[in-house]
Amino acid sequence: MGKHLFLGDEAIAQAAIDAGLSGVYAYPGTPSTEITEYIQGSAVAKERNIHCKWSANEKTAMEAALGMSYAGKRSLCCMKHVGMNVAADCFMNAAMSGINGGMIIVTADDPSMHSSQNEQDNRLYGNFAMIPMLEPSSQQEAYDMVYEGFELSEKLGYPILLRVTTRMAHSRAGVETRELKDMLPMHCPEDGRQRYILLPALARQRYRKLIAAQEAFEQASESSPYNIYYDAPDKSLGIIATGIAFNYLSENYPDGFKHPVLKISQYPVPTEKLARLVDECEEILVLEEGYPVVEQQLKGILSKGLNVHGRLDGTLQRDGELTPDAVGKALGLTITQYYATPEVVEQRPPALCQGCGHRDMYQALNEVLAEYEGAKVFGDIGCYTLGALPPFRAIDTCIDMGASITMAKGASDAGVFPAVSVIGDSTFTHSGMTGLLDCVNENTNITIVISDNETTAMTGGQDSAGTGRLESICAGIGVDPAHIRVMIPLKKNYEEMKQIIREEIEYQGVSVLIPRRECIQTLTRKKKASKK
């Protein structure tokens with residue numbers, strides 16, 4: 001505790017440490033780099049063993065931070081604005097799964113493109129994902145928002161997006177710090193499989209929950225100490241100032257505001273306060289750095305005298321596809337349910353093909369992991385995702401392409417053992433290799449299963465980029481060849497498979513297991529083609 005002269009980035013970093021951070025995950029990019037560098041140089045971070053190694057890219061950083069959150073610890077993920085484009089897959093789906101330990105995602109935007117190829121305003125990403133956002137107007141507020149933001153994230157159950165811009169990140173001001181909090185103990189979610197496996201049936205439920213949570217987000221914004229209405233006598237003009245723009249406004253009124261001002265630093269926008277400003281003032285001036293995000297929303301609010309119908313008022317359903325029936329109903333037409341599912345059609349859940357090598361892999365893996373208390377299996381996108389369903393129920397998460405390795409890494413960093421990743425050969429070469437590089441660079445205690453059916457099976461059997469070279473790729477990335485183990489997933493090899501899995505789980509470092517057997521569907525097609 002004390003007073004410090006901090007860059008905005010440094011204030012964010014110190015606040016995260018003081019709030020009980022367990023890990024920061026980031027890829028360097030101006031103007032966000034100093035956040036992670038500060039934590040890397042912190043004596044407290046070293047003493048507490050806070051994870052602060054660089055990730056291979058923003059996507060792996062986001063996934064690993066989500067993995068640490070899954071394990072109940074507080075995580076920070078930092079990137080410059082364009083890095084969000086790389087991490088967007090996990091970012092959008094993390095809004096669907098929600099969080100366990102508090103998770104703050106920092107986007108450092110760069111208006112005027114001081115060191116960037118564009119000046120995108122990532123508040124649009126926050127609106128896109130429908131999660132709460134914070135936008136500090138001072139370095140002190142940046143510190144306070146992060147210090148309190150982890151608790152807000154845990155209270156609401158969703159990640160928080162913290163948006164700063166170059167001037168906030170790279171200017172200094174006095175910051176008063178607070179007491180150092182204890183780090184949270186590891187605790188994986190009891191309902192993890194319902195939340196973190198985003199198969200369509202479960203994802204639809206999670207999306208409805210996200211929609212339902214909007215009311216709580218709005219209430220938090222209305223009562224936020226960062227959204228303040230400053231009344232003033234001259235109501236010919238009302239002013240809205242967001243983030244650092246409030247600083248610039250204050251500099252022009254050193255003796256107090258002449259016009260009513262609404263300071264917005266927490267989103268979604270506080271509609272009740274906005275409505276008051278609109279009702280009391282003749283004209284509105286919106287000050288915001290970046291895109292006209294609030295201005296566009298305000299224009300919608302200003303048209304509230306009109307009767308506007310659509311998804312927001314329930315005229316059209318909020319989730320799911322539009323259909324001709326739904327449109328006709330919204331138009332007030334008499335329609336017939338042409339798109340309803342006939343009652344004679346019974347829903348049948350998908351399942352792994354009979355004869356699929358993934359089946360033998362999962363059976364052996366399940367039997368071995370039953371010997372370990374607290375084992376977690378992080379899954380990925382592919383036909384092997386069906387291992388989440390009966391009879392195997394073998395995986396605990398499925399977030400986005402490549403996330404199995406990096407989420408297992410983050411969970412391992414948090415203390416989960418054994419942390420097992422299951423990924424397919426095609427998904428591995430799509431976006432798993434960079435996660436493996438992070439594991440190798442830190443010698444993470446992790447067991448990675450690349451279930452190799454020598455094709456891109458889920459999308460119809462296209463060629464897989466890694467066919468015939470998975471071992472050399474893993475060795476080239478830096479995995480010890482002695483711990484790259486190839487298995488043939490057949491019943492006759494069942495006991496041998498279990499023994500190999502046990503040995504590599506017990507190895508303290510990076511292990512890669514490659515159960516290899518050609519997809520039964522592509523093999524069948526090849527046999528048919530050879531007979532012609």
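Reader: In which strand does Thr242 lie?

Author: The model is a predicted one, and what follows describes that prediction. Within the model, the strand that holds Thr242 is β9.

Reader: Is Thr242 buried or exposed, and which residues does Thr242 touch beyond its neighbours up to four places away in sequence?

Author: Residues count as buried when their relative accessible area is under 20%, and Thr242, with a value of 0%, is therefore buried. Once residues up to four places away in sequence are set aside, Thr242 touches Arg123, Glu135, Ile264, Tyr267, Leu287, Glu288, Glu289 and Val294.

Reader: How far apart in space are Thr242 and Pro225?

Author: Along the sequence, Thr242 and Pro225 are separated by 17 residues. Taken from C-alpha to C-alpha, their separation in space is 14 Å.

Reader: Which residues of helix α11 are buried, and against which strands do they pack?

Author: Helix α11 covers residues 245–252, and its buried residues are Ala245, Phe246 and Leu249. Viewed down the axis of α11, these buried residues fall within an arc of 100°, so they line one face of the helix. In general, an α-helix has 3.6 residues a turn, so residues three or four places apart point the same way. The strands against which the buried residues of α11 pack are β8 (228–230), β9 (237–242), β10 (261–264) and β12 (283–287).

Reader: Which residue is joined to Pro268 by a cis peptide bond?

Author: Pro268 has its place in the loop between β11 (266–267) and α12 (271–280). Most peptide bonds are trans. Here, however, the bond is cis, with omega of about 10°, and the residue it joins to Pro268 is Tyr267.

Reader: What is the omega of the cis peptide bond from Pro390 to Pro391, and what is the phi of Arg393?

Author: Pro391 lies in the loop between β13 and α16, and Arg393 is found in the loop between β13 and α16 as well. The peptide bond from Pro390 to Pro391 is cis, with omega near 10°. Although Arg393 is not a glycine, its phi is positive, at about 45°.

Reader: Where does Thr397 lie, and which residues is Thr397 in contact with, leaving aside its neighbours within four places in sequence?

Author: Thr397 is placed in the loop between β13 (376–378) and α16 (403–414). With a relative accessible area of 0%, Thr397 is buried. Leaving aside its neighbours within four places in sequence, Thr397 is in contact with Tyr70, Tyr196, Ile197, Val377, Phe378, Gly379, Asp380 and Met407.

Reader: How many disulfides does the structure hold?

Author: A disulfide calls for a pair of cysteine sulfur atoms within 2.5 Å. For Cys78, which is buried at 1% relative accessibility, the closest cysteine sulfur is in Cys77, at 6.6 Å, and this is too far for a bond. For Cys383, the closest cysteine sulfur is in Cys356, at 5.7 Å, which is likewise too far for a bond. The number of disulfides that the structure holds is 0.

Reader: Which residues form a nonpolar patch on the surface with about 380 Å² of accessible area together?

Author: One member of the patch, Leu333, lies in the loop between α14 (324–330) and α15 (357–369). At 53% relative accessibility, Leu333 counts as exposed. The residues that form the nonpolar patch are Leu322, Val327, Leu331 and Leu333.

Notes
Residues numbered from 1 in each chain as written. Predicted model: local features only at pLDDT ≥ 70, side-chain atom pairs only at ≥ 80, totals over all residues. Heavy atoms only, no water. Patch = residues over 30% accessible without salt bridge, like charges linked within 9 Å, V, L, I, M, F, W, Y side chains within 5 Å. Areas by Shrake-Rupley, 256 points an atom, 1.4 Å probe, with all protein chains shown as cover. Salt bridge = Lys/Arg side-chain N within 4 Å of Asp/Glu carboxyl O. Helix = DSSP H or I, 4+ residues; strand = E, 2+ residues; numbered from the N terminus. Buried < 20%, exposed > 50% of the residue type's maximum accessible area, 1.4 Å probe, protein only. Arc of directions from axis to C-beta. Contact = heavy atoms within 4.5 Å.
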